[in-house]
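The structure is shown first.

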Amino acid sequence: MLDHIDMEIIRCLQTNSRMQWKQIGEVVHMSGVAVANRIQRLEEMGVIEGFTIRVNEKLMGSAYCVFIIVMMKDYRHTSFQEFIQQRDVIKEAHRVSGDPCFILKVQVPDHHTLSQLLDEILVYGHYRINISIGQYK
């Protein structure tokens, strides 16, 4: 079970995963060693799955963030999920309830790369796209 201290430690790490245990300890009024023990327990519980970084995709060469809504032609979801795993430009993929089957978040450097991906998706189903014009959170 998570308590309010665990939640505050998680918030600190979500803000800055490189934050030192001693700094987190100052926020939650604990020693750095106690914070380290809590973080280890959260990892063992599976609450913390890993530590990562956020990358500015535009500076990395992927100028366009596109959301692709996919409506499958049939029930070949497993083969489509394998297709998703093989494409580095697909950053997130969610199987959803309702009318669409999948929502994909894609980062591509240009329209040509997007067009190629969309042609490949047509094998599995129909799609609609939304191009992000700004990110606010």
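Asp6 and Arg38 are joined through their side chains by a salt bridge (a side-chain nitrogen of Lys or Arg within 4 Å of a carboxyl oxygen of Asp or Glu), at 3.0 Å from N to O. Because Asp6 belongs to helix α1 (residues 4-15) and Arg38 to helix α3 (residues 32-45), the pair ties together parts 32 residues apart in sequence. Helices are DSSP runs of H or I with at least four residues and strands are E runs of at least two, numbered from the N terminus. The model is predicted: local features need pLDDT of at least 70 and side-chain atom pairs 80 or more, while totals for chains, interfaces and linings use all residues. Residues are numbered from 1 along each chain as its sequence is written, and side-chain values use heavy atoms, without hydrogens and water.

**Salt bridges around Asp6**
- Asp6 also forms a salt bridge with Arg41, with the closest N and O atoms 2.8 Å apart.
- This pair links helix α3, which holds Arg41, to helix α1, which holds Asp6, across 35 residues.
- Asp6 is buried at 0% relative accessible area, and Arg38 is buried at 16%; Arg41 is partly exposed at 28%.
- Buried means under 20% relative accessible area, exposed over 50%, and partly exposed in between (1.4 Å probe, protein chains only).

**Salt bridge of Arg87 and Glu120**
- The structure holds five salt bridges, and one of them joins the side chains of Arg87 and Glu120 at 3.1 Å, N to O.
- Arg87 lies in the loop between α4 (77-85) and β2 (90-95) and Glu120 in helix α5 (residues 111-121), so parts 33 residues apart in sequence are tied together.
- Arg87 is partly exposed at 22%, as is Glu120 at 32%.
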